[in-house]
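Subject: Structure handover, with notes

Hi,

Here is the structure I promised to pass on. Could you open it next to this email and follow along?

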Amino acid sequence: MKPDVTVTVIVYNDAARLPRAVESVRRQTHANIEILISDDHSTDETPEVARHLASQDPRILHLRLPQNSGGCSAPRNRALDIARAPYAMFLDSDDELTDNAVELLLSAHREREIDFAMGAVVRIREDSGRRTKWMPHLVAERRTVIGVESEPRLLFEHLSTSKMYARAFLDRYDLRFPEGIHYEDQLFSTQAYCLAKEFTIIPEPVYRWHIEPYAATEAASISNQRHKLDNVRDRVHVQRLIDDFLVESGHGCLREDKDYKFLKHDFRMYAGDLPYRDEEWLSSFADITTPYLETLSPAAYARLPRMERVVLQLVRERRFSEARLAARGLGRAVAPRQVTPDAEGHLYWGEGIPTSTWARRELDVSDLELDTRPFRSAQFRHEITELTRGPGASIDLTIRTYDPGLRLPVGPHRAGLLITPGRQRLKVPFRLTPVRPGVYEGHVHLDLATAPVPHHGFAGVRHPLLRIEHQGQPHTAVLLAPLSFPPLTTRINYHTSTAPHRVTIEAEGRGPGRLQIRWQPVGVTARLVRPAVRRVARPRVRRAVRLMRSALR
């Protein structure tokens with residue numbers, strides 16, 4: 001019997017995770033499917049694992065490429081060459097389909113004649129297990145889109161794996177993945193959006209995208225290899241291919257939306273990493289990106305949050321040390337260290353007034369309302385300038401607070417460091433004293449042995465917050481750590497040695513680089529107490545306890 005859907009599982013040197021991906025396809029509620037394992041000439045045990053899986057289920061075929069292509073495109077394209085079904089889906093070996101993904105998407109195709117159907121993607125962090133929807137606002141409601149021009153924001157959802165394609169649609173336009181480059185999904189998906197007459201969106205999850213943010217460099221996914229300059233070149237190259245396609249296909253009206261997507265999504269990912277890059281890398285990064293940035297629509301820049309525009313401009317001007325400072329505030333409402341006013345009252349990032357009209361427009365931070373917004377949402381910048389180890393499990397911090405909006409009157413101010421390892425909070429009070437207008441400094445002695453860790457222990461990471469009080473109003477913000485200080489680790493025996501923990505103090509290692517404290521139970525707390533508490537905390541056990549309490553009343 002001819003299969004209804006072909007699901008291609010691409011794999012390269014991923015023998016350990018391949019069975020999980022394939023099993024997610026085998027257990028689909030719609031069983032009449034073909035499963036193609038397309039192996040990009042793996043050199044580990046993947047071929048043996050693939051052959052074993054194929055021997056277990058007649059629906060599984062194993063395709064092995066004669067040589068490694070170095071990307072995702074070739075294994076997908078070779079699978080399309082031999083796929084037998086009228087509908088096609090793609091799955092990466094480190095991810096999974098939801099159990100009813102095929103049924104849901106195939107149903108959308110059978111309801112009306114469409115070119116592809118797409119569903120929601122759930123991102124699962126391997127380090128924490130946290131689950132979030134990818135681009136949830138784009139898949140919030142079921143609908144059929146007639147022409148992507150009616151919803152250009154969908155260009156942000158560029159994954160090829162969240163969709164089921166009509167094979168006739170792919171063949172009609174000879175739509176295949178571009179080989180020899182990374183970020184092939186972005187070009188392929190843009191082409192699919194533009195060429196499709198109609199496509200249906202369903203809100204149900206169809207794909208589980210597993211994220212390993214701390215994977216070893218050699219095992220990291222392509223999107224997590226942003227430290228490689230070839231990664232940057234590939235991403236810019238794909239953008240140029242997309243631009244050419246939009247013009248050639250008569251979809252030039254989408255250029256502003258596509259440019260905005262690049263700035264807001266693609267460049268933004270690199271921007272968050274800038275604090276951790278050295279001058280040589282930043283110089284090469286600017287060489288690669290600046291020529292392309294200069295071709296983008298000014299209207300796309302204008303749609304960005306202010307601080308993202310500041311980072312972009314500082315990179316374009318090769319002011320790399322300032323770009324690092326600005327990047328540490330992205331998404332965290334962290335103020336600049338310094339602003340400069342002009343005669344008309346406009347405030348500009350940093351020291352000095354920009355000389356060009358474009359630079360003045362991009363570095364104008366007046367819309368941050370540094371001097372007028374309510375105190376609770378005011379913007380300050382709190383940086384640790386010195387961190388030294390004290391006696392026992394204590395550390396001494398020197399903290400500098402920048403107040404470019406001059407919200408704090410001259411004089412000392414009450415402040416506190418807040419940490420919550422568990423349900424109770426540790427507050428360490430200190431004073432911020434003025435150094436010069438808009439700059440304050442304080443010293444904190446933090447003894448982690450006094451942290452209110454629960455008796456059953458605490459396993460997790462906390463980022464201390466800094467709170468300022470002014471005229472009875474509190475303001476709480478993140479605390480930025482020196483990125484270069486080595487981690488400090490100590491053992492703390494909480495609750496008179498009945499709850500021992502290994503505690504590490506470090507810089508966050510990504511994003512803004514907040515001060516980070518990591519608790520890890522050890523000894524009997526890790527072996528016995530924590531597992532027992534987790535068993536008691538299970539929903540069934542909690543329900544049973546509630547029933548017993550009700551019966552005894």
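First, a term for the opening part: I call it a salt bridge when a side-chain nitrogen of Lys or Arg lies within 4 Å of a carboxyl oxygen of Asp or Glu. Please keep in mind that this is a predicted model. By that criterion, the structure holds 51 salt bridges.

**Salt bridges**

Let me start with R27 and D99, whose side chains meet in a salt bridge at 2.6 Å, N to O. This pair ties together distant parts of the chain, 72 residues apart: R27 sits in the loop between α1 (18-26) and β2 (33-39), and D99 in the loop between β5 (96-97) and α4 (101-111). As for the surface, R27 is partly exposed at 33% relative accessibility, and D99 is partly exposed as well, with 34%.

Next comes a local pair. D230 forms a salt bridge with R233, and their closest N and O atoms are 2.8 Å apart. D230 has a relative accessible area of 51%, so with the cut-off for exposed at over 50% it counts as exposed. R233, with 41%, is partly exposed.

The pair R309 and E362 is also a salt bridge, with 2.8 Å between the closest N and O atoms. Here again distant parts of the chain are linked: R309 belongs to helix α11 (residues 306-316) and E362 to helix α13 (residues 357-363), 53 residues apart. Are these two buried or exposed? Both R309 and E362 are buried.

There is also a network of salt bridges, and it links E23, R26, D57 and R59.

**Helix packing**

While you have α11 in view, look at how it meets helix α9 (residues 279-293). The two pack at an angle of about 115°, and their axes are 9 Å apart. The range counted as roughly perpendicular is 65 to 115 degrees, so α9 and α11 fall into that class. Their crossing is left-handed. Which residues make the contact? From α9 there are F285, A286, T289, T290 and L293, and they meet L312, V315 and R316 of α11.

**The seven-stranded sheet**

Now turn to the open sheet of 7 strands, ordered β13-β14-β17-β16-β15-β19-β20 and paired antiparallel. At its edges stand β13 (381-389) and β20 (473-478); each has a single partner strand, so one side of each is left without a neighbour in the sheet. From one strand to the next, the twist averages 25°.

Of its 9 residues, 8 are buried, so β22 is largely enclosed by the rest of the structure. Strand β21 (residues 488-493) is joined to β22 by 6 bridges, and the two run antiparallel. Within that pairing, L488 has I505 of β22 as its bridge partner. β22 also pairs with strand β23 (residues 515-521), in the antiparallel sense and over 7 bridges. There, T504 has R518 in β23 as its bridge partner.

**Two positive phi values**

Q471 has a phi near 55°, a positive value in a residue other than glycine. Where does Q471 lie? You will find Q471 in the loop between β19 (465-470) and β20. At 71% relative accessibility, Q471 counts as exposed.

T496 is the other spot, with phi near 50°, again positive in a residue other than glycine. T496 is found in helix α14 (residues 494-497). With 73% relative accessibility, T496 counts as exposed.

Cheers

Technical notes
Residues are numbered from 1 along each chain as its sequence is written. This is a predicted model: local features need pLDDT of at least 70, side-chain atom pairs count only at pLDDT 80 or more; totals for chains, interfaces and linings use all residues. Side-chain values use heavy atoms; hydrogens and water are left out. Helices (H or I, at least four residues) and strands (E, at least two) are DSSP runs, numbered from the N terminus. Buried means under 20% relative accessible area, exposed over 50%, partly exposed in between (1.4 Å probe, protein chains only). Two strands pair if DSSP finds at least two bridges between them. Axes are lines fitted to C-alpha atoms, for helices over the stretch in contact, and angles run from 0 to 180 degrees between N-to-C directions. Angles under 35 degrees count as roughly parallel, over 145 as roughly antiparallel, 65 to 115 as roughly perpendicular and the rest as oblique. A crossing is left-handed if the near helix is turned anticlockwise from the far one by less than a right angle, and right-handed if clockwise. Contact means heavy atoms within 4.5 Å.
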